[in-house]
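Welcome! Take a look at the structure before you start.

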Amino acid sequence: MPTSNRFLNICAALGLIALIVYVLIIGRNFLLPLVVAVAIWYLILSLKDSFQRLGKYGIQLPYGTAMLLAVFTAVFAIWLIVILINNSVSGVIEAAPRYEDRFRLLIDQGAKLLGLTEKNPFENALERIDFRNIISSIATAITGLAGDLGLIVVYVLFLLLEYRTFARKLDAIAKDETRRSNLRRIFREIGEDVNTYMRIKTWLSAFVAALAYIVMKVVGVDFAEFWAVLIFLLNYIPTIGAVLGALFPALLMLVQFTSVPLIVTVTAILILVPVVVNNFVEPRLMGRSLNLSSLVIILSLVLWGSIWGIIGMFLCVPIMVILVIVLAKFPQTRPIAVMLSANGRID
């Protein structure tokens with residue numbers, strides 16, 4: 001390829017990327033509910049597949065029954081998350097100043113034990129962290145989607161209706177039987193891979209959150225329901241999600257309890273359980289690695305957080321995983337999928 005053509009292609013690609021980012025920012029109010037609706041749609045399809053898989057255990061569910069049960073399950077789960085957050089967030093925000101004062105006192109005591117008699121070096125870092133504002137931002141972002149609930153429901157309903165007619169549209173696009181067969185295979189594989197990821201990731205996230213809730217409830221951690229919901233959402237982020245999910249309960253336990261062994265044990269459980277599940281159980285259930293590069297995860301968090309805020313940070317990893325799945329199916333974009341993956345193995 002001549003140098004001038006290559007340069008023009010690079011410029012065109014950069015211009016397209018800039019245009020996409022611009023559209024994502026400008027169209028946030030339209031696109032964010034649509035992306036959430038797509039996520040819920042995939043969740044419903046994944047739940048439907050899970051219920052139909054009960055046939056292996058002698059429980060045969062027809063398509064309509066499995067789909068209806070999946071819709072009710074998804075609606076109930078979303079309603080439960082919103083209720084738990086609404087019931088907990090006011091208490092968390094009200095208690096934040098008290099816990100923050102206690103935390104400052106512990107830092108001062110720790111500095112004195114270390115012989116730091118001058119200005120506490122941890123004070124500057126602590127002053128930049130507003131725990132109440134962070135918790136409030138997370139809760140507001142999640143509950144703020146309730147304002148778009150009607151639009152999200154409409155999107156989900158139409159996506160479910162379009163799902164049954166999508167195959168016929170593919171047949172109409174293809175000009176011959178060979179292309180038609182290839183398109184069917186590619187989109188079938190994409191759908192199966194995405195559904196597998198969403199189904200397994202959702203059930204494992206629910207398992208991790210439930211176990212974390214039981215542990216926190218047993219030891220008496222305040223607002224265990226709120227932290228469990230946060231752990232469920234953060235578990236979609238590999239590796240660092242486990243640390244982030246355990247961070248706030250660990251800080252709370254520092255000011256709530258005086259037993260160091262108890263704090264260390266509970267924090268270790270909150271970190272180790274999702275790490276073990278995500279690194280050992282999940283790859284075995286997936287049948288292949290869908291993990292993203294750690295650098296890609298960090299860059300995705302920054303990028304989507306800058307574009308769509310807190311909700312963008314929660315959605316970024318599922319979006320990137322689905323993107324890798326799609327890119328891997330086409331020879332022209334397969335190298336991009338390899339570069340985004342953790343180990344280069346995307347088959």
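**Exercise 1.** Decide how helices α10 and α11 run relative to each other: roughly parallel or roughly antiparallel?

*Solution.* Keep in mind that this is a predicted model. Two packed helices are described by the angle between their axes and the distance between the axes. Start with the angle: α10 (residues 240-256) and α11 (residues 260-286) pack at about 170°, and their axes are 9 Å apart. Angles over 145 degrees count as roughly antiparallel. The two helices, α10 and α11, are therefore roughly antiparallel.

Next, look at who meets whom. On the α10 side, the residues are Ala242, Ala246, Pro249, Ala250, Met253 and Leu254. Their partners in α11 include Ile263, Val266, Leu270 and Pro274. Sorted by class, this contact has 12 nonpolar residues, 1 polar residue and no charged ones.

**Exercise 2.** Describe how α2 and α12 cross, and find the classes of the residues in their contact.

*Solution.* First, the geometry: the axes of α2 and helix α12 (residues 294-328) come within 11 Å and cross at roughly 35°. The crossing is left-handed. Then list the contact: α2 brings Arg28, Leu31, Leu32, Val35 and Val36, while α12 brings Ile307, Trp308, Ile311, Leu315 and Ile319. Finally, sort by class: 9 residues are nonpolar, none is polar and 1 is charged.

**Exercise 3.** How many aromatic pairs does the structure hold, and what is the arrangement of phenylalanine 30 and tyrosine 155?

*Solution.* The count is 6 aromatic pairs. In one of them, phenylalanine 30 and tyrosine 155 sit 6.5 Å centre to centre with 90° between the planes, an edge-to-face arrangement. This pair links distant parts of the chain: phenylalanine 30 belongs to α2 (residues 28-52) and tyrosine 155 to α6 (residues 149-163), 125 residues apart. Now check accessibility. Phenylalanine 30 has 47% relative accessibility, so it counts as partly exposed. Tyrosine 155 has 17%, so it counts as buried.

For a second example, take phenylalanine 226 and tryptophan 227: their ring centres are 5.2 Å apart and the planes lie at 75°, so this pair is edge-to-face too. Both phenylalanine 226 and tryptophan 227 are buried.

Technical notes. Residues are numbered from 1 along each chain as its sequence is written. This is a predicted model: local features need pLDDT of at least 70, side-chain atom pairs count only at pLDDT 80 or more; totals for chains, interfaces and linings use all residues. Side-chain values use heavy atoms; hydrogens and water are left out. Axes are lines fitted to C-alpha atoms, for helices over the stretch in contact, and angles run from 0 to 180 degrees between N-to-C directions. Helices (H or I, at least four residues) and strands (E, at least two) are DSSP runs, numbered from the N terminus. Angles under 35 degrees count as roughly parallel, over 145 as roughly antiparallel, 65 to 115 as roughly perpendicular and the rest as oblique. Contact means heavy atoms within 4.5 Å. Ala, Val, Leu, Ile, Met, Phe, Trp, Tyr, Cys and Pro count as nonpolar, Asp, Glu, Lys and Arg as charged, and the others, Gly among them, as polar. Rings of Phe, Tyr and Trp (its six-membered ring) pair if their centres lie within 6.5 Å; planes under 30 degrees apart count as stacked, over 60 as edge-to-face and the rest as tilted. Buried means under 20% relative accessible area, exposed over 50%, partly exposed in between (1.4 Å probe, protein chains only). A crossing is left-handed if the near helix is turned anticlockwise from the far one by less than a right angle, and right-handed if clockwise.
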